[in-house]
Amino acid sequence: MDVILFGPPGAGKGTQAKRLISQLSVPQISTGDMMRAERASGTDLGKRFESFMSAGKLVPDALVLELVEQRLKAEDAEAGAIFDGYPRTIPQAEALDSMLDRLERKIDVVVSMEISLAEQIDRITGRRTCVGCGHIYHVRYSPPPSEGRCANCGGELSQRKDDLEEVVRKRHEEYLANTAPLLGYYGAKGLVVTVNAVGSLDDVTARIRDAVAR
Ligand SMILES: [Zn+2]
């Protein structure tokens, strides 16, 4: 079963995808994580990403699609995958559809995780990231045991620039302009199921599981 977790920044797509991989026994397709891994291990594809990223350019859609195709062909993804944060635009979705068609599979369901802008801002601006190990805390929802220090590695906690309110608002505008139209694209195919993304992690996971089981 190929599932897209869809929603604005701060909806919890990545967090929920990680919880669902064990429950659904399929891997997570996070193009950001996968690109970082390819670069770090210096594969051919990684070197091609590197040439764009080091020049401060966007990696072309076709190259990202190649990475996704390669991942979907791996044995553990035969039964399906959870897409998190991809596709982000209509052209990406169209290209993904034709690639899936070639592999004789298709997107089965798009879970639209709904959350208000106020809630997004609250979640994202409260994040504090460990500079040592990358672990993410939240000042209210998952505070570190000792203030300003990571419980895993003792590293210093800082607020990423991406998590400042003005940046969150800008990302939301971009989401509305480029990504939100995907709901119409997948909605026309009858694939969209809406879930309330506000609540405890367990509650939201259960709602997504119900949505996927429909
Ligand atoms: Zn740490």
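Which residue is the bridge partner of Cys130 in strand 7? Leu157 is. Some notes on the surroundings follow.

1. Ground rules. This is a predicted model, where local features need pLDDT of at least 70, side-chain atom pairs count only at pLDDT 80 or more, and totals for chains, interfaces and linings use all residues. Residue numbers start from 1 along each chain as its sequence is written. Helices (H or I, at least four residues) and strands (E, at least two) are DSSP runs, numbered from the N terminus.

2. Three strands form an open sheet: the 3 strands come in the order 6-5-7, with antiparallel pairing. At the edges sit strand 6 (136-138) and strand 7 (157-158), each pairing on one side only. Pairing here requires that DSSP finds at least two bridges between two strands. As a reminder, strands of a sheet pair through backbone hydrogen bonds, either parallel or antiparallel.

3. Strand 5 and its partners. Strand 5 (residues 127-130) is joined to strand 7 by 2 bridges, the two running antiparallel. With strand 6, strand 5 pairs in the antiparallel sense over 3 bridges. Thr129 is a handy landmark: its bridge partner in strand 7 is Ser158, and in strand 6 it is Ile136. The covered face of strand 5 holds Arg128 and Cys130, and the uncovered one Arg127 and Thr129.

4. The hairpin. Strand 5 and strand 6 form a hairpin with 5 residues between the strands. Have a look at Gly134 there, which takes a positive phi near 85°.

5. Helix 6. Gln120, Arg123 and Ile124 of helix 6 (residues 117-125) are buried; the cut-off for buried is 20 or more other C-beta atoms within 10 Å of a residue's own, for exposed 12 or fewer, with partly exposed in between, and C-beta atoms are placed from the backbone. These three cover an arc of only 90° around the axis, so they lie on the same side of helix 6. The arc is that of the directions from the helix axis to the C-beta atoms. The buried residues of helix 6 pack against strand 5 and helix 7 (165-179).

6. Helix 2 against helix 3. Helix 2 (residues 31-41) packs on helix 3 at an angle of about 105°, with the axes 7 Å apart. Axes are lines fitted to C-alpha atoms, for helices over the stretch in contact, and angles run from 0 to 180 degrees between N-to-C directions. Helix 2 and helix 3 are therefore roughly perpendicular (65 to 115 degrees; under 35 is roughly parallel, over 145 roughly antiparallel, the rest oblique). Helix 2 contributes Met35, Glu38, Arg39 and Ser41 to the contact, and helix 3 contributes Leu45, Gly46, Phe49 and Glu50. Contact means C-beta atoms, placed from the backbone, within 7 Å. The residues of this contact divide into 3 nonpolar, 2 polar and 3 charged.

7. Helix 2 against helix 4. Helix 4 (residues 61-72) packs on helix 2 at about 90°, with the axes 11 Å apart, so helix 2 and helix 4 are also roughly perpendicular to each other. Thr31, Met34, Met35 and Glu38 of helix 2 meet Val64, Leu67, Val68 and Arg71 of helix 4.

8. Phe52. Is Phe52 buried or partly exposed? Phe52, found in helix 3 (residues 44-53), is partly exposed, because 14 other C-beta atoms lie within 10 Å. Leaving aside residues up to four places away in sequence, Phe52 touches Lys57, Leu58 and Val59.

Methods. Contact = placed C-beta atoms within 7 Å. Nonpolar A, V, L, I, M, F, W, Y, C, P; charged D, E, K, R; others polar.
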